[in-house]
Amino acid sequence: MKLFTPVLFLVLAGALFWGFIDPSYVRVKDLRAQEAEFDQALNRSRELQSVRDQLLARYNAFPQSNLQRLERLIPDHIDNVRLILDLDAMASKYGMRVRNVSIQADQSRVQQGALGGDEKPFESVILSFTVSGTYDTFRQFLTDLERSLRLVDTVSLSFTTNEAGLYNYTVGIQTYWLKP
Amino acid sequence: MQERVKTSFIPKASLKIERRAAPKGDPIALVNLITGVVLLVAVVASVGIFLFERFTIQAIANKEASLERSRGAFEPATIKELSRLDARIEAGKTLLAGHTALSAVFDDLEKRTLSSVRFNNFSYSIPSPGRVVLTMKGQATSFNAVALQSEEFSKSSVITDPIFSNVNINANGAIDFDFTAVVDSARTRYFAQSAQPLSAPDTTTP
C-alpha cells in the first residue's frame, strides 16, 4: 500500500510522456521545420523584393519611346498585314509596289534535323514578295530594309536583268516576333 | 546485624547508554520524492510543450500572412511585364548579332566586277542554315576577262569559293559563264558595316 503513491506518480508521468509529450514533440518538430521553410521563403521574398525594386527602377529609367521602339523591333505577334503595309510604304518611296506576297514557315529547324522544343525566345516566318524597279532604286530599298526598325533579314533574292533596265526582284525576308 | 541499607543513588551497575540508532531515511518517502519530482517534471514539460506548440502555430500563421502580403506586393503583372521586356531585350540582342546586310554583297560585287564583265542573273539563297550561296550568270568580252574576274573574286573576303562554270562562246562572240560562290555570312553582318544600327529612321518602319 505504501508503494501506491510512487507507482501512481510513475504511471501518471509515463502517461503524460507517451500520451502527450512525445506526440506533441513530434508535431512541434514538424511545425519547426515548416516554420523554417516559411523563414526561408520570407528571406527569399525580401531578396526578391529588393531585386524587383532595382529592376523596376531601371525599367522606369527607360524612356517610353525606346520601349516602343523595342516593341517594334520584335513585336508580340507576327502582325504580317502591318508588315506588308510597311514594306509597301517603304517601296512606294522609290516608286515601287510590293506584289505577290506569300508567307511560309521557317523550316531551318527541320532542315537541321532538330528535335525537341525550340528554346529560342522568338518565332520567325519567311515572307516573299516581288518588287520592280531599277537596280539603283532597289539598292536603296534594300538598304532601308536592312535598317528598318522591325528586324528583317533578307534570306533570298533573285532577279534577271533586261535591256529596259527595270528588273523584277523576288525577295524573301525573315521576320521575327516574341513568343508568348 | 542489620544489614545496612544501601541508599546510594549511584547505581551499582553502570548505566547502559541506550543510544537509539539514528533514524535511517524512509525508503518509501525517498521513492515518493523521486517519483514526485519525475511527475512534476512531466507536468512542467507537458505545459511547456503545449505552450510552445501554440506559440509555433501562431508564429507560422503570422509568417504565412506576411508571405501572402509579400506575394501581393510583388504585383504579378509588373513582374510579367519586366520578364517580357527582358525576353525582348535578349531576343533583340541575339537577332541583331546575326542580322545580315545583303548590301555588303552588292558593294563587293560592284567593287570587284570588271568593266569587261557583266552579270545578267542574280540569285542569293540560304539552302541550309549557315550556308549562303550566290549564283549568277554572266558574260565577258573574252576568256581573259573571265580569268581576270576569277582572280579578282578570289581576293574577296565576302565572296568565297568562287567557281566559274559552263564557260562558252555565244553567237555574238562574247563569253557566257555561270558563277557560283559561297558568301561569308560573318562579313555581311549588319554591325560589321554600320555604326548606327537602330538609327534607321522610324519612317522605314516595318
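Two residues are in contact when heavy atoms of theirs lie within 4.5 Å. By that criterion, and counting the contacts in chain B with a separation of 6 or more, 56% join residues 24 or more positions apart. The model discussed here is predicted.

Of the 206 residues in chain B, 33% are buried.

The interface between the two chains comes next. In chain B, 70 residues are in contact with 76 residues of chain A. The size of an interface is often expressed as the accessible area lost when the parts come together. For chain B and chain A this buried area is about 6600 Å², with 66% of it on carbon and sulfur atoms. Between the two chains there are also 23 residue pairs in polar contact, both residues being at pLDDT 80 or more. On the chain B side, at least two residues each come from helix H1 (27-73), helix H2 (76-97), helix H3 (103-112) and strand S1 (117-128). H1(B) gives the most to this side, with 25 residues. Classified by residue type, the side of chain B that touches chain A contains 37 nonpolar, 23 polar and ten charged residues.

Strand pairing also links the chains. Strand S3 of chain A, residues 152-160, is joined to S1(B) by four bridges, and the two strands run antiparallel. Within S1(B), Asn121(B) is the residue that stands opposite Thr160(A).

The structure holds 20 of them over all chains, and the count between chain B and chain A is eight. Asp76(A) takes part with two arginines of chain B. With Arg88(B), the closest N and O atoms are 2.8 Å apart; with Arg84(B), the N to O distance of the salt bridge is 3.0 Å. The latter pair crosses from helix H2 of chain B, where Arg84(B) lies, to the loop between H2 and H3 of chain A, where Asp76(A) lies. Arg84(B) counts as partly exposed, at 22% relative accessibility, and Asp76(A) is likewise partly exposed, with a relative accessible area of 29%.

Asp39(A) forms a salt bridge with Lys63(B), with 2.7 Å between the closest N and O atoms. This pair runs between chains, from helix H1 of chain A to helix H1 of chain B. Asp39(A) counts as partly exposed because its relative accessibility is 30%, a value in the range between the 20% limit for buried and the 50% limit for exposed residues. Within chain A, the side chains of Arg32(A) and Glu35(A) meet in a salt bridge of 3.2 Å, N to O. Both residues lie in helix H1 (residues 4-61) of chain A, three residues apart, which is about one turn of the helix. Salt bridges that share partners join Arg32(A), Glu35(A), Asp39(A) and Lys63(B) into one network.

Attention now turns to the strands of chain A. Strand S2 (residues 122-133) is mostly covered, as eleven of its twelve residues are buried. S2(A) pairs in the antiparallel sense with strand S1 (residues 99-105) of chain A over five bridges, and Arg99(A) stands opposite Thr130(A) in S2(A). S2(A) is also joined to strand S4 (residues 167-178) of chain A by twelve bridges, again running antiparallel. In that pairing, Thr175(A) of S4(A) is the bridge partner of Val125(A).

Two backbone features of chain A complete the account. Most residues other than glycine have a negative phi. Asn100(A), which is found in strand S1 of chain A, has a positive phi of about 50° although it is not a glycine. Its relative accessible area is 56%, so Asn100(A) is classed as exposed. Asp79(A) also has a positive phi, near 50°, in a residue other than glycine. This residue is placed in the loop between helix H2 (64-73) and helix H3 (80-92) of chain A. With a relative accessible area of 36%, Asp79(A) is partly exposed.

How values were computed. Residues are numbered from 1 along each chain as its sequence is written. Chains are lettered from A and ligands numbered from 1 in the order in which they are written. Side-chain values use heavy atoms; hydrogens and water are left out. Buried area is the accessible area (1.4 Å probe) that two parts lose on being put together, summed over both. A salt bridge is a side-chain nitrogen of Lys or Arg within 4 Å of a carboxyl oxygen of Asp or Glu. A polar contact is a pair of N or O atoms within 3.5 Å; within protein, one must be able to donate a hydrogen and the other to accept it, and residues adjacent in sequence count only if both atoms are side-chain atoms. Ala, Val, Leu, Ile, Met, Phe, Trp, Tyr, Cys and Pro count as nonpolar, Asp, Glu, Lys and Arg as charged, and the others, Gly among them, as polar. Two strands pair if DSSP finds at least two bridges between them. Buried means under 20% relative accessible area, exposed over 50%, partly exposed in between (1.4 Å probe, protein chains only).
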